[in-house]
Amino acid sequence: MAIIIKNAEEIELMREAGRILAKVHEELGNQVHAGMSTKDVDRICEELIRSYGCEPSFLGYEGYPASVCVSVNEEVVHGIPSDKRILKEGDIVSLDTGVIYMGYQSDAARTHILGEVPESVKKLVRITEESFFEGIKYAKAGNHLYDISAAIDSYIKPHGFGIVRQLTGHGIGKDMHEDPYIPNYRKLTRGPKLEAGMTLAIEPMVNLGTWKVDWMDDGWTVVTADRKYSAHYENTVLVTDGEPEILSLISGDK
Ligand code: MF3
Ligand code: CO
């Protein structure tokens with residue numbers, strides 16, 4: 001595993017990519033509503049990304065046909081936007097998108113609740129977000145990578161939710177996916193040592209029921225095996241000698 005350490009100039013570009021992505025998510029979150037199609041979400045997202053002078057990193061990635069993954073309810077990740085899929089009250093909608101700014105990438109996801117949902121679903125979305133913040137408490141030089149994984153796992157486990165295992169977080173930089181992969185469950189080892197200048201996309205994917213997932217016939221959409229709801233939360237994070245910097249979040253935001 002070769003984890004790329006970013007230098008000061010690269011970090012500055014990743015900060016800018018992250019700032020832009022945070023704004024894209026904020027604006028997208030304000031605009032997503034029941035009655036629109038998931039394709040509408042994609043159109044708005046692509047326009048926002050380009051309005052900031054960035055490229056949508058997802059578009060064309062391994063043949064992916066859109067700028068954002070829109071994953072509704074039992075869809076875990078990689079939902080493909082469609083004119084036919086209309087969002088409705090009671091849906092939970094995970095939006096995962098990324099930007100490239102001057103050759104450097106940022107990747108982040110948010111789960112939005114539309115209208116009224118059962119208390120259990122609200123809790124799923126909240127615990128998923130909170131598990132990210134628990135995990136990054138360990139994203140410090142001198143700690144080990146899987147300390148983050150273990151912290152996420154320990155936070156979620158008491159609630160009885162299923163932690164997705166087939167998909168993980170990842171290093172990020174010039175490429176959307178760099179080493180290392182970052183599981184959201186406890187490993188038997190502590191993994192590689194963290195160093196200042198590592199940039200990581202940490203992204204818990206958490207299910208109301210089973211941790212098991214299936215792939216749909218479109219080759220992309222991942223759904224829960226029991227078709228119960230799933231939530232996703234992700235940010236691009238910079239490891240430093242002190243507190244981690246959450247690059248894709250406007251401070252004070254979630
Ligand atoms: N953002 C996803 C991840 O976190 C990857 C999306 S794949 C794409 O790893 F093809 F949709 F871009
Ligand atoms: Co990611």
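Student: How are the donor residues of the cobalt ion (ligand 2) spaced in sequence?

Tutor: Keep in mind that this is a predicted model. The cobalt ion (ligand 2) is coordinated by D107 (OD), H170 (NE2), E203 (OE) and E234 (OE), at 2.1 to 2.3 Å. Written along the sequence, the spacing of these donor residues is D-x62-H-x32-E-x30-E.

Student: How many residues apart are H170 and E234?

Tutor: This pair links distant parts of the chain. H170 sits in strand β7 (residues 169-171), while E234 belongs to the loop between β13 (230-232) and β14 (235-238). Their separation is 64 residues.

Student: What share of ligand 1 does the protein bury?

Tutor: Let's start with the contacts. A polar side-chain atom of D107 lies 3.0 Å from an oxygen atom of ligand 1, and for E203 such a distance is 2.6 Å. E234 also has a polar side-chain atom 3.3 Å from an oxygen atom of ligand 1. Taken alone, ligand 1 exposes 340 Å², and the share of that buried by the protein is 96%.

Student: Which residues come nearest to ligand 1?

Tutor: There are 13 residues around ligand 1. D107 and E203, which also coordinate the cobalt ion (ligand 2), are among those that come nearest.

Note on methods: Residues are numbered from 1 along each chain as its sequence is written. Chains are lettered from A and ligands numbered from 1 in the order in which they are written. This is a predicted model: local features need pLDDT of at least 70, side-chain atom pairs count only at pLDDT 80 or more; totals for chains, interfaces and linings use all residues. Side-chain values use heavy atoms; hydrogens and water are left out. Donors are N, O and S atoms within 2.8 Å of the metal (3.2 Å for Na, K and Ca); water is not among the atoms, so sites may look incomplete. Helices (H or I, at least four residues) and strands (E, at least two) are DSSP runs, numbered from the N terminus. A residue is near a molecule or strand if one of its heavy atoms lies within 4 Å of it. A polar contact is a pair of N or O atoms within 3.5 Å; within protein, one must be able to donate a hydrogen and the other to accept it, and residues adjacent in sequence count only if both atoms are side-chain atoms. Accessible areas come from the Shrake-Rupley method with a 1.4 Å probe; for residues, only the protein chains shown count as cover.
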